[in-house]
Amino acid sequence: SAVAYDPGARAGTPHLRAARVLAGNWTGTSTVPSRALYPHQWSWDSGFVAIGLRHLSPLRAQTELETLLAAQWGDGRIPHIVFNPSVPLDAYFPSPDFWRSSTAGRAAGAPRTVQTSGIVQPPVHALAAWLVHRADPGLSRARGFLARVYPRLAAWHRYLLHRRDLGGAGLASVIHPWEQGMDNSPCWDAPLARVTPAPARTFRRADLAHGAPEDRPTDLDYGRYVRLAADYRDRCYRDAPAGDAGAGADAFAVEDPAFNALLIASEHALARIARELGATGTARRARAERLTGVLVERLWQPEAGMFLCRDLRGGGPVPERGVCGLVPLLLPGLPRDVADALVRTLAGPHFGARLVPSYDLLGEAFDPHRYWRGPAWFNTGWLLERGLRTHGASARADALRDAMIEAADASGFAEYVDPHTGEARGATGFSWTAALTLDLLQ
Ligand code: 9WN
């Protein structure tokens, strides 16, 4: 049953208010990102939520990840949405009858017992599992938590590194903006422009019942999202072989720095998990280091002072500065000059607001209110705060942490906020905002 979140309730401390959001969004086995806008389980949301939940209940945090992993497909993919069967079909679009995972996804090993989407989201899960374990190693060992999740996480990484290496260089590609998680980032404008939108009359958006249209993607964006997802479904979620840009291949294929940085950070975490389970973890650590080299070689742009996406179909780097190009700061093995340049770019004219914007403050497409085209988000802020700390910029990390805690609490744990003023946008009572605030408060 839904517990209404009341943003007017200001009693207690930021910690208590954040905990209350997570309690209200807990379904018994996982957490919805937002009761109204996103009433199912989302993949990378659950990773971030588990990172915060571990401070309230390590058991709930483990359960969050276990529920998601139970919906993993036979080919290793973790679907971006796991649908709650008790939620009406028209509460969210695209719904299970669009994805048809149990029929269209059968060849790829979609689960029979639960309905899911067929695309993926950024692989933050192994990092989350490791952090959750560390919060209560005794409980984790007693429940065999890591031993149970490790093979699933390893299969997930295997899927991304083999089936999704569409560029052939070793990095994972995304084939839909929803996979990268920053849905309408201006980084996708050029690669998406080649996609013929599905006609507006063929689908009905549910998001506009809960979100202001000027804060959300446009109808034209949605037409293209629907086309890409429907084409993938109609191919039974089969991934094209590496290097294949032919007729059966995806119209949209991008190598994204944030997605790959999270994969590498999670590979480091898997190395630690392997060690905890009695193996050496050496091969995984070596792979994470090798992939860091590939990421730099392939996506680093010294003139921009940041990483840029690579459009595999249009050829070459996408000349837009999205926050995704700063997220690799998270990686410990980054060359010194690259890390230093990222720290400078974060404070410079393109990103230097009170809170880190999702897109270039000076970019032509910048819009402080529209979703991933300018507003500040708390998951990317959390990753950058961690990155600043990893590379010794602790005063900047402290300042970002304080600004985020303040903005999260004052906005009623908004989904995203104006990067200059902190004004709330999108949903309030948003789970990862509350969860990551809890983590920053520790
Ligand atoms: C599509 C759940 C998700 C986040 C994404 C965010 C938004 C969905 C949507 O909400 O995307 O997956 O319907 O707009 O962009 O990052 O995981 O919170």
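View 1. Glycine 76 is buried, with 21 other C-beta atoms within 10 Å; a residue counts as buried if 20 or more other C-beta atoms lie within 10 Å of its own, as exposed if 12 or fewer do, and as partly exposed in between, with C-beta atoms placed from the backbone. This is a predicted model, in which local features need pLDDT of at least 70 and side-chain atom pairs count only at pLDDT 80 or more, while totals for chains, interfaces and linings use all residues. Residues are numbered from 1 along each chain as its sequence is written. Glycine 76 belongs to the loop between helix 3 (58-69) and strand 2 (81-82), where helices (H or I, at least four residues) and strands (E, at least two) are DSSP runs numbered from the N terminus. Leaving aside residues up to four places away in sequence, glycine 76 touches Ala155, Trp156, Arg158 and Tyr159, contact being defined by C-beta atoms, placed from the backbone, that lie within 7 Å. Valine 114, which is 38 residues from glycine 76 in sequence, lies 16 Å from it in space, C-alpha to C-alpha.

View 2. Three strands in the order 3-4-7 form an open sheet with antiparallel pairing, two strands being paired if DSSP finds at least two bridges between them. Strand 3 (173-174) and strand 7 (310-311) are the edges, and each has a single partner strand, so one side of each is left without a neighbour in the sheet. Strand 3 and strand 4 (residues 254-255) run antiparallel and are joined by two bridges, with valine 174 standing opposite valine 254 in strand 4.

View 3. Two bridges link strand 9 (residues 416-417) to strand 10 in the antiparallel sense, and tyrosine 416 stands opposite arginine 425 in strand 10.

**View 4. Helix 17 and its cover.** Nine of the eleven residues of helix 17 (residues 431-441) are buried, so this helix is largely enclosed by the rest of the structure. Among the buried residues of helix 17 are Ser431, Trp432, Thr433 and Leu440. Their cover includes helix 1 (14-25), helix 2 (43-53), helix 15 (378-390) and helix 16 (394-410).

**View 5. The protein that holds these sites.** The secondary structure comes to 17 helices and ten strands, and 54% of the 442 residues count as buried. Along its principal axes the C-alpha trace spans about 55 × 50 × 50 Å. Among contacts between residues at least 6 apart in sequence, 71% join residues at least 24 apart. The mean pLDDT, the predictor's confidence in each residue from 0 to 100, is 96 for the protein, and 97% of its residues reach 70 or more; the model scores ipTM 0.99 and pTM 0.97.

How values were computed
Contact = placed C-beta atoms within 7 Å.
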